Amino acid sequence: MAGHSKWANIQHRKGRQDAVRAKLFSKLSKEITVAAKMGDPDPDKNPRLRLAVKEAKAVSMPKDNIERAIKKSQGGDAESYDEIRYEGYGPGGVAVLVEAMTDNRNRTASNVRSTFSKNGGNLGETGSVAFMFDRMGQIVYPASVGDADTVMLAAIDAGAEDVESTDEEHVIWCTDTDLNAVSSELEAALGEADSTKLLWKPQTTTELDLDGARSLMKLIDALEDDDDVQNVTANFEISDEVMAEL
């Protein structure tokens, strides 16, 4: 498993669950509010909002929080956020994409630039690393929903492009524009997914040794701690041996 999934596992093992969970709820609330404000406040009529709500439910975000975030979008005092993507390189030449929602572009740009430079990275120009990633839809199911062949057949029928099955989970990939349709078809066949989201999938990955992994984790951790940052994606790979030492 590459990139962000491993980072999530590392955070979990470090016992940072509560702090990470609070931060995650805050970021999901912001996404729900923005999605509802930009489209219809009814998830059934707003694909982006439907995905945001589905992702929030997948991490057990309370129903009250979800409804409050939607309601907030309809108020006259709802914040106005700009969506910005930053691109750069981390330690070891790893490509890093940072997605942010901000009400102050100057503050966020300054913070992201500073975080890169303080942690052995460099912020680049728009387009400097995005070409190394594909915008994809990702749907994750636990291994318990069925064997690899069963999930593969369901994914093909639903219009997915690829499936990666391990002892722990099935990761299903589709085009970004098909995510809503594919996830709905899979839900009918396999039940509720553990995760349904749009993300950047690296075309190639860079393998990191222990020192490189620690340096990159420090950068990703610092970026994700910024309240304006929604998602961080990097094209790295860590071996099981290095994982065990982190």
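**Before starting.** I am working from a predicted model, so I treat everything here as computed from that model.

**Entry 1: helix 5 and helix 8.** I began with helix 5 (residues 105–118) and helix 8 (residues 210–224), whose axes lie 9 Å apart at an angle of about 160°. Anything over 145 degrees counts as roughly antiparallel, so I put helix 5 down as roughly antiparallel to helix 8. The crossing of helix 5 over helix 8 is right-handed. Which residues meet here? From helix 5 I found Val112, Thr115 and Phe116, and across from them Leu219, Ala222 and Leu223 of helix 8. Sorted by class, this contact of helix 5 with helix 8 has five nonpolar residues, one polar and no charged ones.

**Entry 2: the largest core.** Next I looked up the largest nonpolar core, which has 24 residues. Val96, Leu216, Leu223 and Phe236 are the ones that touch the most other members. Several elements supply at least two residues each: strand 1 (82–89), strand 2 (95–102), helix 5, helix 8, strand 9 (229–234), strand 10 (236–238) and helix 9 (240–245). Which element gives the largest share? I noted helix 8, with seven residues. In soluble globular proteins, nonpolar side chains tend to be buried together.

I then picked Leu216 and set aside its neighbours within four places in sequence. What remains in contact with Leu216 is Gly90, Pro91, Val94, Val96, Leu208, Ala234 and Phe236.

**Entry 3: helix 6 and helix 7.** I moved on to helix 6 (residues 148–158), whose axis comes within 9 Å of that of helix 7, the two crossing at roughly 140°. At that angle helix 6 is oblique to helix 7. I have this crossing of helix 6 and helix 7 as right-handed. Val151, Ala154, Ala155 and Ala158 in helix 6 meet Val182, Glu185, Leu186, Ala189 and Leu190 in helix 7. By class, I get eight nonpolar residues, no polar ones and one charged for helix 6 with helix 7.

**Entry 4: helix 3 and helix 7.** Helix 7 (residues 179–190) also packs with helix 3 (residues 47–58), at about 50° and with the axes 10 Å apart. Helix 3 is therefore oblique to helix 7. Is this crossing of helix 3 and helix 7 left-handed or right-handed? I found it left-handed. On the helix 3 side the contact uses Pro47, Arg50, Leu51 and Lys54, and on the helix 7 side Leu179, Asn180, Ser183 and Glu187. The class count for helix 3 with helix 7 is three nonpolar, two polar and three charged.

**Entry 5: Ile70.** Last, I checked Ile70, which sits in helix 4 (residues 63–73). Is Ile70 buried or exposed? Its relative accessibility is 16%, so Ile70 counts as buried, the cut-off being under 20%. Leaving out neighbours within four places in sequence, I listed Ile32, Ala36, Pro41, Leu49 and Val53 as its contacts. Val53 is 17 residues away from Ile70 along the chain, and their C-alpha atoms are 9.5 Å apart.

Technical notes
Residues numbered from 1 in each chain as written. Predicted model: local features only at pLDDT ≥ 70, side-chain atom pairs only at ≥ 80, totals over all residues. Heavy atoms only, no water. Axes fitted to C-alpha atoms, helices over the stretch in contact; angles between N-to-C directions. Helix = DSSP H or I, 4+ residues; strand = E, 2+ residues; numbered from the N terminus. Parallel < 35°, antiparallel > 145°, perpendicular 65-115°, else oblique. Left-handed = near helix turned anticlockwise from the far one by under 90°. Contact = heavy atoms within 4.5 Å. Nonpolar A, V, L, I, M, F, W, Y, C, P; charged D, E, K, R; others polar. Core = buried A, V, L, I, M, F, W, Y, C linked by side-chain atoms within 4.5 Å. Buried < 20%, exposed > 50% of the residue type's maximum accessible area, 1.4 Å probe, protein only.
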